[in-house]
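Visitor: Could you walk me through this one while I have it open?
Guide: Gladly; let us take it topic by topic.

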Amino acid sequence: MTSGTASAELAIELRGLTKRFGHQAAVDDIDLAVPTGSVFGFLGPNGSGKTTTIRVMLGLAAATAGQIRVLGREMPRHLADVLPRVGALVEGPAFYPFLSGAANLHRLDTADRRASSTTRDARVAQALERVGLTHAAGKKVHAYSLGMKQRLGIANALLSPRELLVLDEPTNGLDPQGTREVRSLVRSLAAGGTTVFVSSHLLAEVEQMCTHAAVMSAGSLVAQGTLDELRRVGLAHVRVRTPDVDAARRVLRHLGLVPEQSVQAEGQGNEPSDPLVSAPLTDHPPKSEVIVEALVAGGVRVRGFAVEQASLEDRFVALTGEGFDIAQ
Amino acid sequence: MLLALAAIPILVAVAVRLSSSPPAPGEGPPFLDRVTQNGLFVGIAALVVSIPLFLPLTIGVVAGDTIAGEASLGTLRYLLVGPAGRVRLLVVKYVGAAAFCLAATLTVVAAGAIIGASLFPVGPVTLLSGDTIGVGESVLRSLLLAGYVTVSLLGLSAIGLFISTLTEVPVGAMAATIVLSVVAQVLDSLSQLSWLHPWLFSHYWLDFADLLRQPISWGSFGANALLQAGYIAVFGALAYGRFVTKDVLS
């Protein structure tokens, strides 16, 4: 081990990684550090360079510039030593449609020269069981549903004990039950010490299963850290539901807050809805009870009050832009 | 595809059997005139018929599909992440294509021998040199012919493998390989290009008559093997150079 302990504790380390296709940089000078043992969410809108980063990381494509270390070893030079310890699902599952699910796993397992052929049957059966496909093991893959193919893809990543799992959009095409199963699978793998690197554009998914996350936008890495660190950057908001909008805004301003444009809250049942007044809580905000007291004293009919932490979604949208205007 | 190949000698034998007048000596493809006297010639006649188009067609399909087929299915990335190793994958794919060459020619010869034996008399075979050999020896000679044709097709397989590393569309690689085999044969038939002929991979394809003499003359076999080895080396190196550095994006 030539480098210090810092990089030994990183399952994936990218430095200045750049991948250009012609003039267009799909991945532009990113630095990424995935700690060993973490469940790392790799976020970004479609086309932001997530899959390209994964391809380069796994040696499928050559980097234009930059250094890659996976499991403490330089890639792609030590590819043959590193990849048997890595399970991967890259850009959706792919199988031979005319072979059965079990036969597909057999064939892909033979690709790994170090995978023992004597334990192959048992390992295939175990991987199929883990993703709940035992009943469909003998069925041809062209008869599989999208969700079943996705599960088979995950089973392929689990054929051998792995130190690192790279899952690109693992819940694509899965129904809500399947999504839950994948989440619990990821948690149990992480509990067993496997580092899991999950790319996704589904924020709720990342929020529910990851310990760390990074956000890509237009080929650049715009944020990374633990989930709490990422959330902390966004501001908490105080939200007041009241019919007395002007009075509420006046009181909040007196308290040193800056109310935002008020919005109409969604009505519940037949009740007419009340407007929402919200204001970001900056440094050293007044306590909630102080705000409520001031509002009531100011004659504001408070029908609802909440202090909301910034969600990862707010942060994500703030970082990557809103709507369909995805940066090219 | 092997079934389609097996149908060729059956077609030849049945057509000759059903026609009222047996082919006159020298009529039709080589060896066809001998079929009615000796069923063992069906396999050889069928091989001659298949060499210009049908065998290269099947080889083109198999060799063109090697890498491009995996790429289009997306399984290529999983094989490489396995990790299969790029060089190992190329070698395994080429060996597979070569095994298909052997299986294809053996299928034609074996199906020919079986249908020939069941429709026509079988007896000692008269060689091109005038000598006569027994049935056992003639079976050996047939296998030797199959070996010659297999070796002939190895160069084309290497070309197909290389083309297959260039694309993610298997049909394109298959078509390009087949077109090349036709172009090579067309060039080989133009006497103005005679300087080029010894370098064409298809040049010795039909020169297996030397193996039907007594004693066997190995000259064309050696020249053919050398030429095919050259094609394997060149196109194997090109495939290696292309595939080892290729970005797998499918």
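**Chains, helices and one glycine**

Guide: In this predicted model, 18 residues of chain A are in contact with 16 residues of chain B.

Visitor: Which helix gives the largest share of the side of chain B that touches chain A?

Guide: That is helix H4 of chain B, spanning residues 75–81, which contributes six residues to the side touching chain A.

Visitor: And how do the residues on that side of chain B divide?

Guide: On the side of chain B that touches chain A, nine residues are nonpolar, five are polar and two are charged.

Visitor: Switching to helix packing, how do H6 and H8 of chain B cross?

Guide: The axes of H6(B), residues 135–166, and H8(B), residues 219–244, come within 8 Å and cross at roughly 15 degrees. Because angles under 35 degrees count as roughly parallel, H6(B) is roughly parallel to H8(B).

Visitor: Left-handed or right-handed?

Guide: The crossing of H6(B) and H8(B) is left-handed, and the residues of their contact comprise 17 nonpolar, six polar and one charged.

Visitor: New topic: where is A:Gly147, and what does it touch?

Guide: A:Gly147 lies in helix H6 of chain A, residues 146–157. Leaving aside residues up to four places away in sequence, A:Gly147 touches A:Gly173, A:Leu174, A:Asp175 and A:Gly178.

Visitor: Why does A:Gly147 count as partly exposed?

Guide: A:Gly147 counts as partly exposed because it has 16 C-beta neighbours inside 10 Å, whereas a buried residue needs 20 or more and an exposed one has 12 or fewer.

Visitor: What about A:Val317?

Guide: A:Val317 is 170 residues from A:Gly147 along the chain, and their C-alpha atoms are separated by 28 Å.

Methods: Residues are numbered from 1 along each chain as its sequence is written. Chains are lettered from A and ligands numbered from 1 in the order in which they are written. This is a predicted model: local features need pLDDT of at least 70, side-chain atom pairs count only at pLDDT 80 or more; totals for chains, interfaces and linings use all residues. Helices (H or I, at least four residues) and strands (E, at least two) are DSSP runs, numbered from the N terminus. Two residues are in contact if their C-beta atoms, placed from the backbone, lie within 7 Å. Ala, Val, Leu, Ile, Met, Phe, Trp, Tyr, Cys and Pro count as nonpolar, Asp, Glu, Lys and Arg as charged, and the others, Gly among them, as polar. Axes are lines fitted to C-alpha atoms, for helices over the stretch in contact, and angles run from 0 to 180 degrees between N-to-C directions. Angles under 35 degrees count as roughly parallel, over 145 as roughly antiparallel, 65 to 115 as roughly perpendicular and the rest as oblique. A crossing is left-handed if the near helix is turned anticlockwise from the far one by less than a right angle, and right-handed if clockwise.
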